[in-house]
Amino acid sequence: MAGQSLNSIKTRLKSVESTRQITKAMELVSTSKLRRAKERAEGSRGYHEELTAALSRILSLSEEDQENQYISDREVKRTCYIVVAGDRGLAGGYNSNIFKLADKMRKENDVVLPIGKKARDYFARKKAETIDVGYETVTSVGSGGATDIATLLCSEYKEGSFDRIVVVYTKFVSMINQRAEYEQLLPLSVEKNKKEAYEDFDAICDVTVNELVENLVPFCVSGLLYSALCEAEASEHGMRRNAMNSANKNADEIIGELHLKYNRARQAAITQEITEIVSGAEAL
């Protein structure tokens, strides 16, 4: 019995140690990828802020009664949700938090543009109406892909296929804090900034304000979407790193307990053998 107990403990100990090696390697990989993704996320934040500020200054030059279709609010009958999830699992609540938020917001007649393998699979199971843009993974989109998606969505928005575009993603707050949230891409929420309006606009530009805005909005939407993708990628690596770190700590605790059980079982086996030897000697 003691031999069987020792063998079972050794088998489980070997299994946990092997699992810990895998989770430790995954933690190191996620940490390495997180550094680069964090730099991209921080670098992308200023782009759409500056472009939105530029749009605000440009719109301040237009007449009060002139409205642009990308800016004006309209009755929302149908919404397009861009849902950015992960390409893999083992990232804690990263994917489930996004899906919970998307399901809470989404209505029956809304359409979904899933980005990431997990998002594609999830909404396929839900049998939701989706838009396929041909990108299998989040990392395959890039800035060029974000521009392609923004151009397509702006065109569909102009044609009235939907009345609002919202991106649902995970914002990277810090190394240990990532938050699922959403941001409206269209119509843009831009306030006119007359204090910083461009001077001599007619002298430096040969198109009207609305024509210029029409050309700039797809780039603005592209910047917002690319920023969300960078935030989501950094968040995924951050949550996977935290999940693997927790798994390593749990494995260390289990290994410690198994070593203690093994030593106790080994001590009991030795004691039993000594007792049997002494008993046999006395019998002689």
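How are α2 and α3 oriented to each other? In this predicted model, in which local features need pLDDT of at least 70, side-chain atom pairs count only at pLDDT 80 or more, and totals for chains, interfaces and linings use all residues, the axes of α2 and α3 come within 11 Å and cross at roughly 45°, and the two helices are therefore oblique to each other (angles under 35 degrees count as roughly parallel, over 145 as roughly antiparallel, 65 to 115 as roughly perpendicular and the rest as oblique). Residues are numbered from 1 along each chain as its sequence is written, and side-chain values use heavy atoms, with hydrogens and water left out.

The crossing of α2 and α3 is right-handed, and the residues of their contact (heavy atoms within 4.5 Å) divide into five nonpolar, one polar and two charged.

Within α3, which spans residues 117–125, A119, Y122 and F123 are buried, that is, under 20% relative accessible area with a 1.4 Å probe and protein chains only. These residues cover an arc of only 90° around the axis, which puts them on the same side of α3, the arc being that of the directions from the helix axis to the C-beta atoms. On the other side of α3, A124 and R125 are exposed, with over 50% relative accessible area. The packing partners of the buried α3 residues are β1 (79–84), α2 (94–105) and β2 (111–115). After α3 comes K127, for which phi is positive, near 60°.

Technical notes
Helices (H or I, at least four residues) and strands (E, at least two) are DSSP runs, numbered from the N terminus. Axes are lines fitted to C-alpha atoms, for helices over the stretch in contact, and angles run from 0 to 180 degrees between N-to-C directions. A crossing is left-handed if the near helix is turned anticlockwise from the far one by less than a right angle, and right-handed if clockwise. Ala, Val, Leu, Ile, Met, Phe, Trp, Tyr, Cys and Pro count as nonpolar, Asp, Glu, Lys and Arg as charged, and the others, Gly among them, as polar.
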